Structures are given as structure tokens and as C-alpha cells.
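Have a viewer open as you read.

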Amino acid sequence: MTAYFAILLTAILTGNFVLCKFLGICPFLGVSKKLNTALGMSAAVVFVMALATAVTYPINKYLLVKNDLEYLQTIVFILVIAALVQLVEIVLKKFMPPLYNALGIYLPLITTNCAVLGVVILNVDEGYFAQSMFNSVGAGLGFMLAMVIFSGVRSRLESCDVPKFLQGLPIVLIAASIVSLSFMGFTGLVEGLLGL
Amino acid sequence: MAEKKVSLGKEFTKGLIKENPVLRLVLGTCPTLAVSTSIVNALGMGVSAMIVLICSNIVISLLRKIIPSKVRIPVYIVIIASFVTIVQMLVKAFVPALDAALGVYLPLIVVNCIILGRAEAFAGKHAVIASAVDGVGMGVGFTLALCCMAAIREVLGAGTFLAGAQDLLVLFGDNVLGGFNGFTLIKEGSALSPMTVFILAPGGFFTFGLLMACANRIAESRGKPKAELKGCEACPMAGSCSIRADGGACEDGKEEASA
């Protein structure tokens, strides 16, 4: 159990997808301006990441690896993710309208979110199902944490007097750099906490 | 779709500066931040993405009249993914050290918004040669921006310049250029030590922010608007995205632009 907890904590804090691995930067910069859009987007990401891992793992293990077709991984995974996102959108719209209203508008953006394809490819390299699931949920939660923290930082940034040429995107990137610096403080935390 | 007459020279040069994909259009930020820790990695990534971009632009442009517009995004993704797989295999076979260095970012070229963005914004509407030239221009612009960032980060963060050049030169045989493997600017044991933070994640964001500020400064001195995160105009998913109508992320972009 400790091992699973370590995977989860690593994915959320020390190996944060956005701030340490640079995956999913586009939504991180684009949708983090308001807390509620940031939350909606990251909830959709957690959902799709977990689902994509659950679907691609058996496809990879029983279809691709068995038939020596590993080289098709990239094509198959991106297609599976695209199809899955469409399917989730349709199912949610039909059966769970409240959830659709909360997450639906973010779903089309997720197809081309590199964090989702990234987590699936990274998981395949590791290769165990339960570990993969914990890793993807952790990665999604880490994405959510980064988005929520950063939307708070950005709302403060709004009222700041920023030098002319840093206005707009440059100051946002520099703020992201400082948030990312604070995440470096977690280095060694997982090992220390769990005594690994 | 109406085809406009385009000047090839203009299509090429616009990708370099005026519409530089990284610094002006703010596309492809993930690989820009992730692989710009050394110039050699940046160059490898830039060239790989450029090859994919040119090939996919050509094929998409050739097929633009056959692809039904309703399913064009999935079709584009499959075409791009195929070329990414080819490039991935070539890199694995001929430049294995680069494959190890780029890791997961090599297959992630598939979701690089520069490529899908150009397919949607340009190749799907223009003739083959113009699309290929657009691909070359955008690819070179991407590589230039990446190398610019990598040069700053490598010199400040690792104290080296072009370190690991043999990883790429291996393409041309063993020990080309007399086994040149980069310069060490800060020798070990000297009083100076490199600022490691620049090759770590925070340094990436910081360098990118400052570079973009410089690009804005230059653009303004020439009377051009500064770069904004035009998530929606440049985003290939803009057509099917309903945040636009709901006034989420895109509304923010407009506010920034008008402010």
C-alpha cells in the first residue's frame, strides 16, 4: 500500500505534470484565469486521464504487444483518446446533464491536451495496471492542484502594477516560474515521509 | 474553399519573425519549455517537429478536397500521428542518444498545437507548394525560438555550450569535426558555478517569460501588437469548442487584448 501512496504523492507533488514535467501548459496558461473554469477543466482532465489509462492499458497489453505492433502505440493512443472524449461527451450529455454542464465544455479541448497522451505513454513504459491507474489519477490531481493554486496567483496578479513589457503573458510565465520554484521544495518529501 | 494567391517568400519569412509560432503565436509551449535545457536537444526537437510539420502539411494539402470537413480533425490527427511514428523510429535508429534525451516529448509531437494548428489554419486551405513552404518557415521559426531559449538556459544553467554535440553529429559518422563535443564555459572547481535552476522547471518558465517580453518590446518598437495567448484563434479545436460561446477562456483573451 505504501508503494501506491508513494506513486500518488509523487505524481501530485514532486513530479507534478504541469510544473515539473511541462505537460499540459496550454490549458494551464489559457484556462487558469478564473477559479471555476480552472476547476472544471481539471476535473475533466482527471476523469479523462483515468478513463484513458483504463482503456489503453488492455488495448496495449492484449492487442499491440501480443501482435508485435508496439510501434503503432502513438497512433492508436491518440485515436483512442479522441474517440473516448467524444463518447464521454455523448454519454454525459444524454445521461448526466448536470455533470455535462459542468465538464462538457472542456472536453473537446482535452483531445489535444498533451498531459493526457503523456500520462498514457508514460504508463505504458512502466507497465502495471494498478500502478498506472494510481499514477494517472495522481497526475490529474496534480494538474488540478497546479491549476487551482495558479488561478489564485493570477487573480492577485490582476491588481498589480506590472512594467509595460511584462504585461500579459510574460508576467504570467514569471509567476508560473515562482509557483514551480515552490514545488521544488517538495523534493525528497515522498522518500522522507514514507521512509523509502 | 477559395484559394488565395500567396507569395512563397512571404509564407517562408512570416514563420521566422512576424508569426513566430512560439514567441508570437504562443503555440507549442510544452515542448518549448521541456526540451530547451540544451541546444542539442532543442535542435533535435525542432528538426523532428519540422519534418513532421512539412510532411503533414504536404499530405493534408494534397487531400484537402477529399477530406470531409466534419471529420477533418480526426483525419489530420491520424496523418500527423503516422509521420510522428515514422520520425520516432528514424530517431530511435539513427540518433539513439536524442531519443533517450527527448523521451516522451518525441511521441508528444502529435499533440503539438503548432502542427495541428497549421494543418487547420493553412494546409487545409492552400495549395501543396505554399503549404510545404509554410511548414518549412514555421518549422525553422520553431527551431530558432527553441535554440534561442536553450542557449540562454544551457549557458546559465549548465555552464556549457553545445554540450553533447556528438549525439547529433553521429548522423554523419563517428568523430566528425574532430570529435567536437561542445565547449565547457564554467570549468569544474572554478570560483563560478552554474545556476542550476535555469535548467530546472522554474528556469524554463522564467526564460520563456523574459524572451517573450523581449519579443513584445521589439514588436512594439515596430508598431506591432504584442503577443497574447490567443488560445482560441490559434487553437485547432476552436471550431468545436463551446467555451468560446460561454465566455470562459476565450473571453479572457479578448479582455486582455482590449485592455
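Which residues have the most contacts inside the largest nonpolar core? They are A:Phe28, A:Ile110, A:Leu117 and B:Phe205, in a core of 122 residues. A nonpolar core here is a set of buried Ala, Val, Leu, Ile, Met, Phe, Trp, Tyr and Cys residues joined through side-chain atoms within 4.5 Å. Buried means under 20% relative accessible area, exposed over 50% and partly exposed in between, with a 1.4 Å probe and protein chains only. Helix H4 (residues 72-94) of chain B brings the largest share of this core, 10 residues; helices are DSSP runs (H or I, at least four residues), numbered from the N terminus.

Before going on, some ground rules: this is a predicted model, so local features need pLDDT of at least 70 and side-chain atom pairs count only at pLDDT 80 or more, while totals for chains, interfaces and linings use all residues. Residues are numbered from 1 along each chain as its sequence is written, chains are lettered from A and ligands numbered from 1 in the order in which they are written, and side-chain values use heavy atoms, leaving out hydrogens and water.

Now zoom in on B:Phe205. Leaving aside neighbours within four places in sequence, B:Phe205 is in contact (heavy atoms within 4.5 Å) with residues including A:Val18, A:Leu19, A:Phe22, A:Phe28 and B:Leu33. Over all chains there are 7 aromatic pairs, counted when ring centres of Phe, Tyr or Trp (its six-membered ring) lie within 6.5 Å; planes under 30 degrees apart are stacked, over 60 edge-to-face and the rest tilted. The rings of A:Phe22 and B:Phe205 have centres 5.3 Å apart and planes at 65°, so this pair is edge-to-face. The pair crosses between chains, from the loop between helix H1 (2-14) and helix H2 (25-30) of chain A to helix H9 (residues 201-221) of chain B.

Stepping back to the interface, chain A contributes 46 residues to the contact and chain B 51 residues. The two chains bury about 4200 Å² between them, 77% of it on carbon and sulfur atoms; that is the accessible area (1.4 Å probe) that two parts lose on being put together, summed over both. The rule finds 1 salt bridge across this interface, meaning a side-chain nitrogen of Lys or Arg within 4 Å of a carboxyl oxygen of Asp or Glu. A:Lys164 forms a salt bridge with B:Glu220, with the closest N and O atoms 2.6 Å apart. H9(A) gives the most to the side of chain A that touches chain B, with 9 residues.

Terms used:
Helices (H or I, at least four residues) and strands (E, at least two) are DSSP runs, numbered from the N terminus.
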